[in-house]
Amino acid sequence: MSFVFFDTETTGLKRGFDQILHFAAVRTDENLNEVARFETRSRLQPHVLPHPSALRTNGLPIESLTDSSLPSHYTMVGDIRRTLISWSPAVFVGFNSIRLRGDAAPRPLPVPISGISDK
C-alpha cells in the first residue's frame with residue numbers, strides 16, 4: 001500500500017467560500033520511499049476575494065494569482081483528480097487535515113477519492 005502526503009494553499013479558511021490556489025503531493029511506497037511527486041497551481045477565480053491573512057501566510061502575491069498563464073481552478077482540480085485516482089489505492093494524509101469537526105468526523109480531502117473512477 002502506498003501513502004500520499006498532500007498540502008494546499010488557499011485564499012482563506014472558509015471552505016464554502018475560499019479557493020484552493022496551490023496543491024502539492026508526494027506519493028511513497030509502503031517503506032516511505034518517494035515514488036512520485038505532483039504540484040499544480042491555478043489562477044484566482046473572478047468571484048473570490050482572498051483574505052489578507054491567507055496571502056500573508058502562504059506568501060502568494062496577488063499579481064501571481066491573476067496570472068492568465070495559470071490554469072483555471074476547474075482545470076487544476078481535474079488534474080488533481082486524475083493524479084490522485086492514478087495513485088489509488090493509497091492512504092491519503094493531508095497537512096492539517098485531521099482536525100475534528102463538531103460531529104467528530106475527519107475533515108474531507110479537497111477532492112473526493114473513494115468511489116471515483118475514470119469511467
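Helix α3 (residues 73–86) comprises 14 residues and spans 20 Å from its first C-alpha to its last, close to the 20 Å expected at 1.5 Å a residue; the expected span is 1.5 Å times one less than the number of residues. Helices (H or I, at least four residues) and strands (E, at least two) are DSSP runs numbered from the N terminus. The model is a predicted one, in which local features need pLDDT of at least 70, side-chain atom pairs count only at pLDDT 80 or more, and totals for chains, interfaces and linings use all residues. Residues are numbered from 1 along each chain as its sequence is written, and side-chain values use heavy atoms, with hydrogens and water left out.

The buried residues of α3 are His-73, Met-76, Gly-78, Ile-80, Thr-83, Leu-84 and Ile-85, where buried denotes under 20% relative accessible area, exposed over 50%, and partly exposed in between (1.4 Å probe, protein chains only). These buried residues pack against β1 (2–10), β2, β3 and β4 (90–94), contact being defined as heavy atoms within 4.5 Å.

Strands are taken to pair if DSSP finds at least two bridges between them. Between β1 and β2 the pairing is antiparallel and extends over 8 bridges; Phe-5 has Val-26 in β2 as its bridge partner. Strands β2 and β3 also run antiparallel, joined by 7 bridges, and Ala-24 is bridged to Glu-39 in β3. The two strands β2 and β3 form a hairpin with 5 residues between them, and Leu-32 in the turn has a positive phi of about 65°.

His-22 is located in strand β2 (residues 20–28). Its relative accessibility is 19%, so His-22 counts as buried. A polar contact (a pair of N or O atoms within 3.5 Å; within protein, one must be able to donate a hydrogen and the other to accept it, and residues adjacent in sequence count only if both atoms are side-chain atoms) links the side chains of His-22 and Glu-39 at 2.6 Å. Neighbours within four places in sequence aside, the residues in contact with His-22 are Asp-7, Thr-8, Glu-9, Glu-39, Thr-40 and Arg-41.

Ala-36 belongs to strand β3 (residues 34–41). With a relative accessible area of 21%, Ala-36 is partly exposed. When neighbours within four places in sequence are left aside, Ala-36 is in contact with Ala-25, Val-26, Arg-27 and Trp-87. Ala-36 and Trp-87 are separated by 51 residues in sequence and by 9.0 Å in space, C-alpha to C-alpha.
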